[in-house]
Amino acid sequence: MSKYFDKPPHQELMQCLARPIVHRDVLRPIQMWPKAPIEERDEKGNRRMTGGRKSSCGTPQGGIASPMLANLYMNRFLKYWRITERREYFHADLVSYADNFVILSR
């Protein structure tokens with residue numbers, strides 16, 4: 001899986017956030033995080049802005065909350081793996097750590 005932080009759709013990500021965080025005053029600032037604009041520089045040093053209010057997917061890579069948001073979204077996949085008994089079907093183990101995971105199989 002590549003560019004994982006670029007992929008989570010904001011709507012589904014917000015649904016994942018709203019389940020464990022019920023207090024509005026805590027939830028609102030966290031919901032704003034994926035819409036944060038990112039300033040990047042190319043090889044020549046030119047500035048480029050990405051993300052922002054118009055973005056509909058992804059989280060700011062390198063951001064403080066990005067690993068947490070990615071884990072909340074990845075949890076959907078982990079639950080699916082467990083509920084559908086993919087371990088037995090593929091004869092594979094899934095190990096998750098931080099905001100990464102590895103599937104071990106023959």
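Author: Start with one side chain: H91 is exposed. The model is a predicted one.

Reader: What is the relative accessible area of H91?

Author: A residue counts as exposed when its relative accessible area is over 50%. H91 passes that cut-off and is therefore exposed, at a relative accessible area of 67%.

Reader: Where is H91 placed, and what is its phi?

Author: H91 sits in the loop between α4 and β3 (93-97). The residue is not a glycine, yet its phi is positive, near 55°.

Reader: Which loop holds E85, and what is the phi of E85?

Author: E85 lies in the loop between α3 (66-83) and α4 (86-90). E85 is not a glycine either, and its phi is positive, at about 55°.

Reader: In what order do the elements of the protein run?

Author: The protein has four helices and four strands. Read from the N terminus, the order is α-α-β-β-α-α-β-β.

Reader: What is the radius of gyration of the protein?

Author: The C-alpha atoms fill a box of roughly 50 × 40 × 20 Å along the principal axes. For a compact globule of 106 residues the radius of gyration would be near 13 Å, but for the protein it is 16 Å.

Reader: What share of the residues counts as buried?

Author: Buried requires a relative accessible area under 20%. The protein exposes about 8,200 Å², with 53% of it supplied by carbon and sulfur atoms. Of its 106 residues, the buried share is 26%.

Technical notes:
Residues are numbered from 1 along each chain as its sequence is written. This is a predicted model: local features need pLDDT of at least 70, side-chain atom pairs count only at pLDDT 80 or more; totals for chains, interfaces and linings use all residues. Side-chain values use heavy atoms; hydrogens and water are left out. Helices (H or I, at least four residues) and strands (E, at least two) are DSSP runs, numbered from the N terminus. Buried means under 20% relative accessible area, exposed over 50%, partly exposed in between (1.4 Å probe, protein chains only). The radius of gyration is taken over C-alpha atoms; the globule rule is 2.2 Å times the number of residues to the power 0.38. Accessible areas come from the Shrake-Rupley method with a 1.4 Å probe; for residues, only the protein chains shown count as cover.
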